[in-house]
Amino acid sequence: MDFDYGDDIWVIREMDEKSQHYRKTFRLHFDFIEQPMIRDVYKKYVSSMLQSQKNTTSKLYTDLQNFKYFIRFATENDIKDLSSLDNDMAERFVAYLKSVRKRNGGSLSYKYQKKVLDGLKCLIAWCRIYSPEDVPVNEIFTGKEFSGTNRRLLIEFIPDDVVVQINDALIYEKNIYVK
């Protein structure tokens with residue numbers, strides 16, 4: 001890892017030989033985060049995830065890219081830090097995600113909106129443990145923001161014979177991320 005915590009651009013090379021991104025270089029740009037307190041918290045979060053190896057560099061890179069939607073929302077709503085968030089603000093962020101238009105004029109997919117919100121939830125959950133002064137004391141998410149209500153489950157269960165085949169195949173799987 002080649003980054004200085006004070007820098008707003010970190011250059012990180014994936015060195016996990018078992019990763020599909022082995023030796024790939026990721027440039028994590030924090031400079032788009034206009035709010036200094038939020039930028040500092042996000043840097044602490046990414047640094048912690050890298051050191052503990054709880055997330056891959058690729059996932060952290062993708063999450064940072066997705067975080068731009070929250071930053072745009074925060075800028076428009078004059079949010080300076082995460083501790084000022086509340087349930088009403090979380091609901092407005094979900095509404096904001098539903099209103100965002102891509103360059104081609106289409107809206108963000110339901111799945112992508114959920115992914116963006118989940119990234120924010122992960123950041124806040126991490127802060128509750130490692131940096132509680134940076135987040136509100138009260139829970140701001142109800143858990144029903146993207147519940148998939150009224151969506152029919154396509155596969156209700158995996159048949160036992162298929163589970164046996166999967167377990168047998170995993171014995172010989174070399175990639176630990178697949179296991």
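This is a predicted model: local features need pLDDT of at least 70, side-chain atom pairs count only at pLDDT 80 or more; totals for chains, interfaces and linings use all residues.
When the neighbours within four places in sequence are left aside, Lys44 is in contact with Tyr5, Trp126, Ser131, Glu133 and Asp134.

## How helices H1 and H4 meet

Lys44 also takes part in the contact between helix H1 and helix H4, the latter covering residues 110-130. The axes of these two helices come within 10 Å and cross at roughly 85°, and because angles from 65 to 115 degrees count as roughly perpendicular, H1 and H4 are described as roughly perpendicular to each other.

On the H1 side the contact is made by Val41, Tyr42, Lys44, Tyr45, Ser48 and Met49, while on the H4 side it is made by Cys122, Leu123, Trp126 and Cys127.

## Two cysteines of H4

Two of the H4 residues in this contact are cysteines, Cys122 and Cys127. Is Cys127 buried or exposed? Cys127 is buried, because its relative accessible area is 0% and the limit for buried is under 20%. Cys122, by contrast, counts as partly exposed, with a relative accessibility of 41%. The structure as a whole holds zero disulfides.

## Aromatic rings

How many aromatic pairs does the structure have? The count comes to 14 aromatic pairs. One of them joins Phe30 and Tyr42, whose ring centres are 6.4 Å apart and whose planes stand at 55°, so this pair is tilted. Phe30 lies in the loop between strand E2 (25-29) and helix H1 (36-52), whereas Tyr42 lies in helix H1 itself, and the pair therefore ties together parts that are twelve residues apart in sequence. Both Phe30 and Tyr42 are buried.

Ring pairs also link these two residues into a cluster with Trp10, Tyr45, Phe67, Phe70, Phe73, Phe93, Tyr96, Trp126 and Tyr130. Among the members of this cluster, Tyr42, Tyr45 and Trp126 also take part in the contact between H1 and H4.

Methods:
Residues are numbered from 1 along each chain as its sequence is written. Side-chain values use heavy atoms; hydrogens and water are left out. A disulfide is a pair of cysteine sulfur atoms within 2.5 Å. Buried means under 20% relative accessible area, exposed over 50%, partly exposed in between (1.4 Å probe, protein chains only). Rings of Phe, Tyr and Trp (its six-membered ring) pair if their centres lie within 6.5 Å; planes under 30 degrees apart count as stacked, over 60 as edge-to-face and the rest as tilted. Helices (H or I, at least four residues) and strands (E, at least two) are DSSP runs, numbered from the N terminus. Contact means heavy atoms within 4.5 Å. Axes are lines fitted to C-alpha atoms, for helices over the stretch in contact, and angles run from 0 to 180 degrees between N-to-C directions. Angles under 35 degrees count as roughly parallel, over 145 as roughly antiparallel, 65 to 115 as roughly perpendicular and the rest as oblique.
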